[in-house]
Amino acid sequence: MTDQITRRTFLRRAAASGSILTVPGLLAACGGTSTSSGGSTSSHKLAKTLHFSNWTLYIDKSGNKHPSLDQFQQKYGVHVDYREDINDNASFFSKIQPDLARGQSTGRDIIVMTDNSRYPSLLVQKGWVEKLDKSAIPNIKNLIPQQRHPSWDPHRDYSLPWQSGFTGIGWNEKLTDPVTTMGDLLGNPKLKGKVGLLTEFSDTIALVMAYNGDDPSNITDATFNKAISTIEKAVHSGQIRQFYGNDYSGALANGDLVATMAWSGDIIQLQADNPHLKWNLPDTGGDIWTDNMLIPKGGDAYTASVYMNWVYTPRIAAEIEDYVNYVCPVLGAKAALLKQDPQIAKNPLIFPTQEMLNNVHTIDPKALNNEKYQTTWQNLISA
Amino acid sequence: MGLGFLHRHRGSTPYLLLAPGMLWLAVFFLVPLGFLFYQSLQSGSIDFGYAFTWAWGNYWDSIKGYRGQFERSFEYAGLATLIALVVSYPVAYWIAFRGGRWKNLLLLFIVAPFFVTYLIRTLAWETILADHGLVVRLLTDIHILAPGGRLLATGTAVVAGITYNFLPFMALPLYVSLEQIDPTLIEAAEDLYASKWRAFLRVTLPLSMPGVVAGTLLTFIPAAGDFINAQLLGSPTNHMIGNVINSKFNELIDYPAAAAMSFILMAIILAMVLVYARAVGTEKLTG
Amino acid sequence: MTSVAVELGRPRRSVLARTWAFVRRHVLTVYSLLFFAYLLLPIAVVVAFSFNHPKGRFNYTWQGFTFSNWTHWNAIPGIQSALELSLEIALIASLLATALGTLIALALVRYGFRGRGTTNLIVFLPLSTPEIVLGASLLTLFLNLSTPLGFSTILIAHVMFCISFAVVTVKARLIGFDRHLEEAAMDLGANEWTTFVRVTLPLIAPAILAALLLCFAISIDDFVVTYFNAGSEVTFPIFVWGAARNATPPQINVIGTAIFAIAATMMLLNVFLQNRRAKRA
């Protein structure tokens, strides 16, 4: 069983370091405190059950159970119906969209969607999410400063980060020399046919644009087309084996892929499958994305908010982080972890340094909603 | 006497018997097709809603934009059907003519793959055809594959997957029609100096044509709309129209375009089926 | 057996010809056996890997033998509810579809009525429509009618595509049915209803059972149509699809093997019974 013990063992071997400095990309970091807007019209009564939909392997796990959820239930008497039914943003959104469009409840209180897809901003825009009951979330003060004012939810009225992650390059050191540049990934003939790119628009476009020397946070037609043609060239030359969603990890672990665009936390988890997997940000910069907790319309805002407050308790965040190994958005978790598991507390992939944060980009949110770009992209990855 | 049965109960009984089932089919099969057509003439997006605008452009755009996928779908399905036919005919023949008491048991072997969930079987092929697996290594050793070559994420794997998954659909109808052939006919042919091979060509093969037709249709049609094999065993350059339709419905939420594409696919297939039906006679097809 | 050629004009077969005939005879057998091996290969892989003990998320390379996947088959969150949902839907859908389909089959075979050809065609059409079109069109219907997607929409879809299978199965038996038994019963004074219940129904019962089993098998395995119309419900095939993109726990193989074993056993029993019946006949 891949328990925390094995996880820690492989963490010791994890070579996540080595990111190189470049000119700052940015995380939204406007100053100012977030005013706690008065809670929504939610009643202050806890529901019996909290329905929480999340991605797979994204919460602490011990055997069959999730300790942080069990502790939540013990403290508040709320049973958490935890479902790992989100595989990617688009198909999950299409599942709940009919209910939302009809004004019906989706049967969920908390969902988790990535901000480098169009869906969080779309949900807020269309009014398909409930406001957080901030009076129930005093721990919101523990949110790391860089995450306090995202452009699509400037006052964090509707969302709170669950985890963040980096997109970089993962490679199999047994099958190849380190692959640390996009140039290598897209053009090195030794890797031909064994390279993967991600189906996620933001990830691939951001990294390729950065490689082309363009700024992914400000996309123009010209820079977009340039990125597309760079990718097309690699596809047509046979360099790219396939575009992958989460399933790149299986191919990388078993050797079908030698190098691929990959998510930071994934690699740590995958090293249990294959200890020869390594990860790094590309020299021209990777990107950072954040998975956000949102309350779909019809969900119980108060109970969900109480849960979010729970997650933002440093001790609990530390527990979750110990297993999930993505980038933690909660201040104080690092300190809490230092006592339990110093290896993880010191891992820059989980508590990144400022230098790393400066070497990652975020995607231009306008591009996410641009139908032309999206269709071109879809045609590219499924042509 | 049989006819008396038939005529005595003209009137409402057959219609009463038919009503519940046919109503279900009408409401949940025919009507949806109508809605699909209606949807295909709409335009709009998830952000701003859809409106009916006689958007025939959707059809033209689908053909223009996804011609490659359409062609590939029929190419892969056609190849898979052909291979399935060639590969399973001898086995169907063997069971029908040499099976004896074991016929039913042998048929079970043919149907057995069916009992494992479609997706799980296809995932098993991912394991079998993995780059570092036995099959690829063997093929590289005997130089069928270039060194460093792969089977997965190629059209070959997709066709192989489709063929495998639809083999029972081909083998069973072949078997049924072969089994019904009266062996005395073949004996008669041989008595008239035909060699075994000629007897096969002139007697068995033509008599098995209904099975060939049925098997071909039952294999080709679902195969043309498949997207699972292409998704799991192929790469984006091998995607079929099914993948595009799936993506447009379940990811991009571009319902009008997806509906138009589904309709084009179905129209093409229906045209082929009708041509077949004409040639063979509807009763032979539907029994 | 005399070796003197009896048929005129047929030359006595030489040793070579006889050897060749031997080889030819067995080539077909060998080929067929290879064919079966090929058919069963993935199944063997599925079964084998249900005992695999992967250290990580994926079940693609062999890493060690264990029984724990079988003892903890529901260790993966969501897998048990997905399986239960699939079984529930399959049970209800197969019962409904077989009932409706049997009625249609009876009407088609026993009666001549106007529109018989069209009915035949309409029943046959779902079988000749790609699943993706079936699923997509149903989804369009539900979206336009603002029906919430979930259990009932899945059930409706499954009954829809199973009816055709049920009709075909029962029809095949009905066509070969010996009417004289019914006529004899009528001659002995039974009215139509009694004849139907006491003579017809028991005789077509095997076909109805076969239709039931076929519908059950098809329903439990269905992915495409279900995927389009399930909303956020998760049946077992949908669960496998999601798993294939993230992590393929061996428990999937366990359940796949279990379903296979049960189905195969039932079919073997059926074959065995059929052979017994044939021997007695």
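Trainee: How many helices and strands are there in chain B?
Mentor: In this predicted model, chain B holds 15 helices and two strands.

Trainee: What box do the C-alpha atoms of chain B fill?
Mentor: Taken along the principal axes, the box is roughly 75 × 70 × 30 Å.

Trainee: And what share of the residues of chain B counts as buried?
Mentor: Chain B has 287 residues, and 55% of them count as buried. The accessible surface of chain B is about 12500 Å², with 68% of that belonging to carbon and sulfur atoms.

Trainee: How many positive and negative side chains does chain B have?
Mentor: There are 17 positive and 16 negative side chains in chain B, and the centres of the two sets lie 8 Å apart.

Trainee: Let us turn to one residue. Where is B:Asn229 found?
Mentor: B:Asn229 is part of helix α12 of chain B, which covers residues 228-233.

Trainee: Is B:Asn229 buried or exposed?
Mentor: B:Asn229 counts as buried because its relative accessibility is 0%, and the cut-off for buried is under 20%.

Trainee: Which side chain does the side chain of B:Asn229 make a polar contact with?
Mentor: The partner is the side chain of B:Asn165, at 3.0 Å. Leaving aside neighbours within four places in sequence, B:Asn229 is also in contact with other residues, including B:Tyr118, B:Thr122 and B:Ile162.

Trainee: Moving to chain C, why is helix α10 largely enclosed by the rest of the structure?
Mentor: Helix α10 of chain C, residues 236-246, is largely enclosed because 11 of its 11 residues are buried. Among them are C:Phe236, C:Trp241 and C:Arg245.

Methods:
Residues are numbered from 1 along each chain as its sequence is written. Chains are lettered from A and ligands numbered from 1 in the order in which they are written. This is a predicted model: local features need pLDDT of at least 70, side-chain atom pairs count only at pLDDT 80 or more; totals for chains, interfaces and linings use all residues. Side-chain values use heavy atoms; hydrogens and water are left out. Buried means under 20% relative accessible area, exposed over 50%, partly exposed in between (1.4 Å probe, protein chains only). Helices (H or I, at least four residues) and strands (E, at least two) are DSSP runs, numbered from the N terminus. Accessible areas come from the Shrake-Rupley method with a 1.4 Å probe; for residues, only the protein chains shown count as cover. Lys and Arg count as positive and Asp and Glu as negative; His and the chain ends are not counted. The place of a charge is taken as NZ of Lys, CZ of Arg, CG of Asp or CD of Glu. A polar contact is a pair of N or O atoms within 3.5 Å; within protein, one must be able to donate a hydrogen and the other to accept it, and residues adjacent in sequence count only if both atoms are side-chain atoms. Contact means heavy atoms within 4.5 Å.
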